[in-house]
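Dear colleague,

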Amino acid sequence: MLLFLRVQHEMGNIIFFEDIQDLIILNPQWLVDAFRCLASNKYDVKPQQLKDWTQFVQYGQLSNKLITELFKSKCGGQFLEQRGDLLKVMEKFDILVKNEDTGLFIMPSKMPFSSFENICYKLGVLNCKRTSWLCLKFEFLPPAFFNHLSVWFIKKYKPSKVQNEGQINAFYRGICIFDVNSSGCEKLLVAMSTDTIALQFLSFSTEEKEFGSNCSTIYKELITKVEAIIQRYNLTITFDVCFKCSEGDFYKDATPYKDLQKNGEFYCLQHQQAHKSEEVYLPWMKNAVEVRFWE
């Protein structure tokens, strides 16, 4: 039976997941309609759901109670019996990710918008030590790609907090900040522009520490994950590994790693001065054994 279901799934006749065997979808439109109960631009919200609804609209966080009510209000309850399996499917496609600390689901596509400058101000980025920017520059970068990547980071690291009428997760449209260690003094800033995904390691610690070990590990895991996303969704996109100085704008004039390796220094257009190449690509590449490039 399992082999038959696999074959039918590969032929496109059904939708079947081996790790969610209680759910066999004969009509793809049924799954689309189920997704639209939660991922939609139109909702019917009752006054008693206002608190949970506000949390969803402002921060992209869904409570279990609101999920149930949205399934009821939009679809008349036809999906409630499969609610648990549907949530697993939505997690599988990175439409939702569960925050284990709060029990709430996060919908990356509904994260609030804020300017990069405002987020850096709230986080106090100017008051910390920063590495250079590690930039993955794509020829074409689908907006949903960052959602897949942010879900991976949310599962891997604890979200940083910012002050905004109380403490909230530092998750925004195209920008996320995570605590790398339990002290919260070391953070990872992940950002996206039109064609670039960029990472910067931040340290608020009073201790003198080497960034190299953490950063090179993050780099290698990131490349592996990006390749996995490209393969999983059969995307025909390529990228170059580039770097930008720590105080520069990650989204413009990043220098390819292969160019930095050829010269001991390079001219920074933004700051109109020379930077030492190693200071820019280290510590991200400190322990990197292999780097792949897509021509």
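In which loop is Asp 253 found? Asp 253 is found in the loop between β15 (239-244) and β16 (255-256), where strands (E, at least two residues) and helices (H or I, at least four) are DSSP runs numbered from the N terminus. Before going on, please note that this is a predicted model, in which local features need pLDDT of at least 70, side-chain atom pairs count only at pLDDT 80 or more, and totals for chains, interfaces and linings use all residues. Residues are numbered from 1 along each chain as its sequence is written, and side-chain values use heavy atoms, with hydrogens and water left out.

Most residues other than glycine have a negative phi, and most peptide bonds are trans. Asp 253, however, has a positive phi near 60 degrees, and at 46% relative accessibility it counts as partly exposed (buried is under 20%, exposed over 50%, partly exposed in between, with a 1.4 Å probe and protein chains only). Gln 272, in the loop between β17 (265-268) and β18 (273-276), also has a positive phi, of about 55 degrees, and is exposed at 61%. The peptide bond from Leu 282 to Pro 283 is cis, with omega near 10 degrees, and Pro 283 lies in the segment after α10 (277-281).

Turning to a sheet, three strands form an open one in the order β3-β5-β4, with antiparallel pairing (two strands pair if DSSP finds at least two bridges between them). Its edge strands are β3 (61-62) and β4 (97-98), each pairing on one side only.
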